[in-house]
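Have a look at the fold below.

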Amino acid sequence: MDNKQQLFSMPDDAKLTLLADLIAFQSVNDHELKVAQYLQQLLQQHQIKSKLLPITPTRANLVAEIGSGQPVIGLSGHMDVVAANDRQHWQTDPFKLTEKAGKLYGRGTADMKSGLAAMVTALIELKENQLPQQGTIRLLATVGEEVGGLGSAAFAEQHYTEDLSALIIGEPSAHDIIYAHRGSMDIRLTSQGEAAHSSMPEKGFNALHPLLEVLTQAKHHFDAVTITNNSLGKPTYNATILNAGDQVNTIPDQAIAEVNIRTIPEYTNETVTALFTKLVQAQNRQGALLHLDVYMSEIPIVKQADNSLTKIARETAQKILTIAYQPQASVGVTDASNLLKSHPEPDFPFIMFGPGDYRLAHKDNEYVEKATYLAFSTVYRELLVAYLAQKNTD
Ligand SMILES: [Zn+2]
């Protein structure tokens with residue numbers, strides 16, 4: 001390579017084959033191992049070493065690196081997708097990439113196999129061009145982002161995140177560059193009672209009543225919360241699942257509720273756990289048998305809107321896509337909650353930036369614009385080169 005015009009780029013048909021192959025793997029909340037093995041093989045063809053990190057027999061994270069030394073830039077994408085729901089609502093086979101009028105349809109085209117494919121392509125193109133000369137680019141492909149974030153949690157536990165100097169998550173970001181999102185918690189409350197005929201309730205114990213007390217008190221509590229984050233707004237609380245009783249004249253012996261809470265840095269996940277612990281203990285002191293299970297807890301992420309990655313991402317998007325991307329906060333949670341646990345500093349360079357529109361995520365007839373997908377590997381490649389050039393001259 002003697003000049004920039006001759007940089008190796010993967011041909012468009014190879015990029016489309018890559019995305020079509022990824023869409024064909026039905027990695028619906030499981031079976032990401034197939035995706036990971038496929039990517040490992042592709043990377044191997046370009047002399048990029050990678051490692052599979054098994055989570056279960058059918059699920060494995062994938063980590064791959066190019067370059068060496070500091071800084072270490074993380075590129076992260078998830079390999080799972082949500083279910084395709086009712087196939088009748090799809091105009092095409094959700095697991096067969098289908099092109100129509102410049103759009104590529106299929107489950108995961110937006111969320112987020114196109115972002116993952118563009119990151120992998122960028123990695124290959126950089127490697128083929130003997131880049132980066134200084135610094136490391138680490139691909140962190142995760143399992144289970146859509147349910148619980150177990151892949152990103154495993155990466156954090158296995159020490160793949162402490163040495164990161166920057167992180168890009170390739171989730172669909174429309175024309176935004178996301179620098180902040182709320183946290184998310186899933187909580188299950190189980191109440192144990194004793195069945196009895198409803199004409200003699202004193203012979204049993206109604207499991208539903210103390211549970212309803214807790215749900216209502218929590219609702220009143222959150223209604224009164226005035227704490228707000230400038231980027232993210234207030235925390236939110238929603239009771240979403242309730243199961244109790246099976247006959248109208250029988251005192252229910254068990255009641256189960258689930259709630260989802262969205263947190264902000266000023267109202268943390270710990271605060272929520274403490275609140276529910278207090279509410280449950282108050283009921284249990286009066287004879288209830290309530291059990292609290294916080295089974296998912298992902299922290300809020302708020303970095304500076306003008307961190308060093310957002311600036312370069314804006315310039316690169318303007319140059320390659322000729323679109324003015326804007327820094328924004330998002331409501332949805334990402335793997336950054338786990339991947340950035342060891343990087344609380346507000347000026348840490350983080351962006352969620354990828355092809356596709358987040359408003360199409362999880363919907364029937366999900367698609368990504370073909371031109372956007374094809375351009376995004378170049379966007380990532382140039383962004384990484386520009387970021388490393390700046391870092392290495394700092
Ligand atoms: Zn996603």
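**The zinc site**

The zinc ion takes its protein donors from His78 (NE2), Asp111 (OD), Glu171 (OE) and Glu171 (OE), at 1.8 to 2.7 Å. Donors here are N, O and S atoms within 2.8 Å of the metal (3.2 Å for Na, K and Ca), and since water is not among the atoms, sites may look incomplete. This is a predicted model, where local features need pLDDT of at least 70 and side-chain atom pairs pLDDT 80 or more, while totals for chains, interfaces and linings use all residues. Residues are numbered from 1 along each chain as its sequence is written, and side-chain values use heavy atoms, with hydrogens and water left out.

Along the chain, the zinc donors follow the spacing H-x32-D-x59-E. His78 sits in strand E3 (residues 72-78) and Asp111 in helix H3 (residues 109-128), so the pair ties together parts 33 residues apart in sequence. Helices (H or I, at least four residues) and strands (E, at least two) are DSSP runs, numbered from the N terminus. His78 counts as buried, at 1% relative accessibility, and so does Asp111, at 6%; buried means under 20% relative accessible area, exposed over 50%, partly exposed in between (1.4 Å probe, protein chains only).

**Along helix H6**

Now for H6. Its buried residues are Asn269, Val272, Leu275, Phe276, Leu279, Val280 and Gln283. They cover an arc of only 125 degrees around the axis, which puts them on the same side of H6; the arc is taken from the directions from the helix axis to the C-beta atoms. On the other side of H6, Glu270, Lys278 and Arg285 are exposed. After H6 comes Gly287, with a positive phi near 105 degrees.
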